[in-house]
Amino acid sequence: MIPAALSVRRIGLLATLAGPAPRTGAGMRDLGLVRDAAVAVDRGRIAWVGPDAAFEGAVSPRPGAETIDASSAAVLPGFVDPHTHLAFAGDRDDEIRRRLAGASYREIAAEGGGIVRSVEATRAASVEELTGLVTSRLDEMLLCGTTTAEVKSGYGLETASEIRSLEAIRQAAARHPVTVVPTFLGAHEVPREHRHDRSGYVRLLVEEMIPTVVERGLAAFADVFCEEGVFTVEESRRILLAARGRGLKLRLHADELASTGGAELAGELGARSADHLVFVSRAGMEALARSSCVATLLTSATFYLRLGRFAPARALVEAGAPVALATDVNPGGGLSPSLPFAMAIACFSMGLALEEVIAAVTVNAAFSLDLQGEVGSVEVGKRADLVLLRSPRLLDLVRVGVRAIRTVVKDGRVVVRDGRLVAPSTARP
Ligand SMILES: [Zn+2]
């Protein structure tokens, strides 16, 4: 008999996403569905998965174990958000209002707005303040079913401030249920003091910032905003090679505002993920498919930025690239912490199937973070991260405004019950 500290019984529809990672092509529609299922959890891990009718013959609940009755509703793996910028202070609400009045991302940046404004506020914030901000944003994400999140630095843009942001991410992660994967994004923008000395900033990244981040063990990944007017493909290659040489894994902001060859670069360097891809070229799609580099689409950020078009999601799936979705939470355009909202846009504005977007926020997002052995599916041995819906209808997830998620289990503990955080963070500044 398998011991269990927590069991979920009477699951109407269990989407296990069991099987190979990442999913591509028609494989993205295979959710590994089990009807009338049960899941047993022990020591924070999935211990048993099977038909509810077989539960009692296989599982022995420990004394005091909790049993959750799913009441015939659907259960999925906890969601994985592979692209967020939670470590920022201040807001840019005035810019968002200007965008509503028709200003473009580039116009706002040319007038001194954009990332550099968040840099001013973030440099002025203490580690404690930033930790509190990251923590409260993780709370918002957890309520939407996110149990694993990548979190980037990138609003410091000088060694001490970048280190402070990564320290804040580490401290928030240490006391928050969400599993956090930290990414160093010192190459998010060229800071104002280096605008006339771009190569000096690239040198600072390569010779000082990356070595310091690695020495302190503060990041798993390095990322670069490869974009017209930000970092060129050549600069991005140099920064990413330096990071890779020191053992960091790679991801890349690629082809968001123009087709610059970012996706091709991600494929060339063996990056785990190429993100945005609104303007990805045909050659870029093929490079991603060839290298199993995940095409991570930031659908709700594209919506809030009013870019006027979305990434070619269908063409990416058909080219054989593994597709993931992320929220891109950030102060400029990433206004929603909700992966279900990102899924709604991916379905209804970009033509992905409901099954495909579920694979995109679970197994494929986990692969993009190199966590496919830990999270992203409901399989024995993986972390016990579960999202329980209120109904058996998976479509409820993308009905914006419906409180589709009833319960969230993280590492075998109930962290959201009846749509509320069980232990809300008290660390707000
Ligand atoms: Zn981003």
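This is a walk through the structure, from the overall fold to single residues.

The model is predicted. Its secondary structure comes to 15 helices and 17 strands. The radius of gyration is 21 Å, close to the 22 Å that the globule rule gives for 429 residues, so the protein is as compact as a globular protein of that length. Along the principal axes, the C-alpha atoms fill a box of roughly 70 × 45 × 45 Å. Buried residues make up 62% of the 429 residues. Take the contacts with a sequence separation of 6 or more: 73% of them join residues 24 or more positions apart.

The largest nonpolar core has 100 residues. Within this core, F231, L277 and L288 have the most contacts. L277 shows what such a position looks like. Leaving out residues up to four places away in sequence, L277 touches A254, D255, A263, L288, A295, T296, L297, A311, P312 and L316. L288, on that list, is itself among the residues with the most contacts inside the core. There is also a second, separate core of 17 residues. V39, V41, L388 and V414 are included in this second core.

Now the metal site. Three histidines coordinate the zinc ion, each through NE2: H83, H85 and H253. The distances run from 2.0 to 2.1 Å. In sequence the donor residues follow the spacing H-x1-H-x167-H. H83 counts as buried because its relative accessibility is 0%, under the 20% cut-off. H85 has 2% relative accessibility, so H85 counts as buried too.

Move to the strands. Strand 6 spans residues 79–81 and pairs with strand 7 in the parallel sense over three bridges. D81 stands opposite A149 in strand 7. Strand 7 covers residues 146–152, and seven of its seven residues are buried. Strand 7 also pairs with strand 8, residues 179–187, in the parallel sense, here over five bridges. In that pairing K152 stands opposite T183 of strand 8.

T183 leads on to strand 9. T183 is one of the residues in contact with F221, and F221 lies in strand 9, residues 221–226. F221 has a relative accessible area of 0%, so F221 is buried. What surrounds F221, leaving aside its neighbours within four places in sequence? The contacts are V181, P182, T183, F184, L248, K249, L250, R251, R272, S368, L369 and D370. V134, by contrast, is 87 residues from F221 in sequence and 18 Å away in space, C-alpha to C-alpha.

Strand 14, residues 386–389, runs antiparallel to strand 15 and is joined to it by four bridges. L386 has V409 of strand 15 as its bridge partner. Strand 15 covers residues 405–410, and six of its six residues are buried. Three bridges then join strand 15 to strand 16, residues 413–417, also in the antiparallel sense. K410 stands opposite R413 in strand 16. Strand 15 and strand 16 form a hairpin with two residues between them. In the turn, D411 has a positive phi of about 50°.

A helix position is worth a stop as well. S300 is found in helix 11, residues 299–305. S300 counts as buried because its relative accessibility is 1%, under the 20% cut-off. Beyond its neighbours within four places in sequence, S300 is in contact with T327, G333, F341, A342 and I345.

Last, the cysteines. How many disulfides does a search of the whole structure find? The search finds zero. C144 is in no disulfide, and the nearest cysteine sulfur, that of C347, is 16 Å away. C144 is buried because its relative accessible area, 17%, is under the 20% cut-off. C226 is in no disulfide either; the nearest cysteine sulfur belongs to C293 and is 12 Å away. C226 has a relative accessible area of 0%, so C226 is buried.

Methods: Residues are numbered from 1 along each chain as its sequence is written. This is a predicted model: local features need pLDDT of at least 70, side-chain atom pairs count only at pLDDT 80 or more; totals for chains, interfaces and linings use all residues. Side-chain values use heavy atoms; hydrogens and water are left out. Buried means under 20% relative accessible area, exposed over 50%, partly exposed in between (1.4 Å probe, protein chains only). Contact means heavy atoms within 4.5 Å. Donors are N, O and S atoms within 2.8 Å of the metal (3.2 Å for Na, K and Ca); water is not among the atoms, so sites may look incomplete. A disulfide is a pair of cysteine sulfur atoms within 2.5 Å. Two strands pair if DSSP finds at least two bridges between them. A nonpolar core is a set of buried Ala, Val, Leu, Ile, Met, Phe, Trp, Tyr and Cys residues joined through side-chain atoms within 4.5 Å. The radius of gyration is taken over C-alpha atoms; the globule rule is 2.2 Å times the number of residues to the power 0.38.
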